[in-house]
Amino acid sequence: MTVIGVFALQGNVREHLAMLAEVGVEGLAVRRPSELEQVDAMVLPGGESTTMYKLARSFELFEPLQKRIADGMPVFGTCAGMIMLANEITGGTADQETLGGLDVTVRRNAFGRQVDSFEADLEFPGLGADFDTPYHAVFIRAPWVERVGRDVEVLSTVRSGPAAGRIVAVRHDRLLATSFHPEMTGDARLHGYFAELVRGL
């Protein structure tokens with residue numbers, strides 16, 4: 001059976017585990033390298049990206065995660081998880097590290113601070129019939145993607161308002177990332193899409 005881990009040192013861990021269960025996948029909270037070895041893929045949840053990388057270092061998870069990603073493990077990064085996957089970030093701290101693998105530049109807190117959190121309906125035109133209806137997304141201190149590499153597919157952009165056209169969902173081979181929090185919507189379609197990506201390997 002497919003097992004998808006959730007980085008469990010910080011962030012919305014329970015919510016992601018519940019979503020994975022909803023799409024028929026066994027989820028495992030991952031806090032140490034021995035647990036990472038048991039999973040086929042990972043979710044990097046929303047949280048605080050600078051705290052996440054420091055905790056990953058403290059729990060000796062950073063380099064094993066980095067190696068698994070480089071070796072082709074599928075990963076779904078949401079909000080801070082997107083920042084953790086990005087090859088390059090702007091608006092981060094001077095010493096901030098990322099796991100890398102996703103050929104994008106991400107701007108941290110691009111949409112503003114906590115008070116600027118918002119919700120929006122997004123379209124995912126390339127993801128088939130399951131996404132014929134809009135996806136209601138929750139943005140909390142969210143990043144956006146400022147640059148995408150040649151092999152990165154843009155899955156969704158903000159449709160209206162001051163951030164219209166900003167990239168908020170991408171896929172690069174086995175890496176999927178969103179600026180928003182899909183675990184907070186009750187809509188499991190993106191978790192289902194990721195699960196199918198993992199099962200198909």
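## A walk from the pocket to the core

Let's start with the largest pocket, which has a volume of about 200 Å³. A pocket here is an open set of points on a 1 Å grid over the protein atoms alone, where a 1.4 Å probe fits, with protein on both sides within 12 Å along at least five of seven lines. The volume is the space filled by probe spheres set on those points. The model is a predicted one, so local features need pLDDT of at least 70 and side-chain atom pairs pLDDT 80 or more, while totals for chains, interfaces and linings use all residues. Residues are numbered from 1 along each chain as its sequence is written, and side-chain values use heavy atoms, with hydrogens and water left out.

The lining splits into 4 nonpolar, 6 polar and 3 charged residues; Asp, Glu, Lys and Arg count as charged, Ala, Val, Leu, Ile, Met, Phe, Trp, Tyr, Cys and Pro as nonpolar, and the others, Gly among them, as polar.

Two of those names lead us to Asn109. This residue sits in the loop between strand E6 (102-107) and E7; strands are DSSP runs of E, at least two residues long, and helices are runs of H or I, at least four, numbered from the N terminus. Asn109 touches Arg141, Ala142 and Pro143, not counting residues up to four places away in sequence, where contact means heavy atoms within 4.5 Å. From Asn109 to Ile140 it's 31 residues in sequence and 8.6 Å in space, C-alpha to C-alpha.

Now for the inside. The largest nonpolar core has 37 residues, and Phe124 and Phe139 are among those with the most contacts in it. Such a core joins buried Ala, Val, Leu, Ile, Met, Phe, Trp, Tyr and Cys residues through side-chain atoms within 4.5 Å, buried meaning under 20% relative accessible area with a 1.4 Å probe, protein chains only. Helix H6 (189-199) gives the most to this core, with 5 residues.

Phe124 also takes part in ring pairing. The structure holds 7 aromatic pairs, meaning Phe, Tyr or Trp rings (six-membered for Trp) with centres within 6.5 Å; planes under 30 degrees apart are stacked, over 60 edge-to-face, the rest tilted. Phe124 and Tyr135 have ring centres 5.9 Å apart and planes at 70°, so they pair edge-to-face. Phe124 is buried at 1% relative accessibility, and Tyr135 is buried at 0%.

Note on methods. Buried < 20%, exposed > 50% of the residue type's maximum accessible area, 1.4 Å probe, protein only. 1 Å grid on protein atoms, 1.4 Å probe; cavity = no way out; pocket = protein on both sides within 12 Å on 5 of 7 lines; lining within 4 Å.
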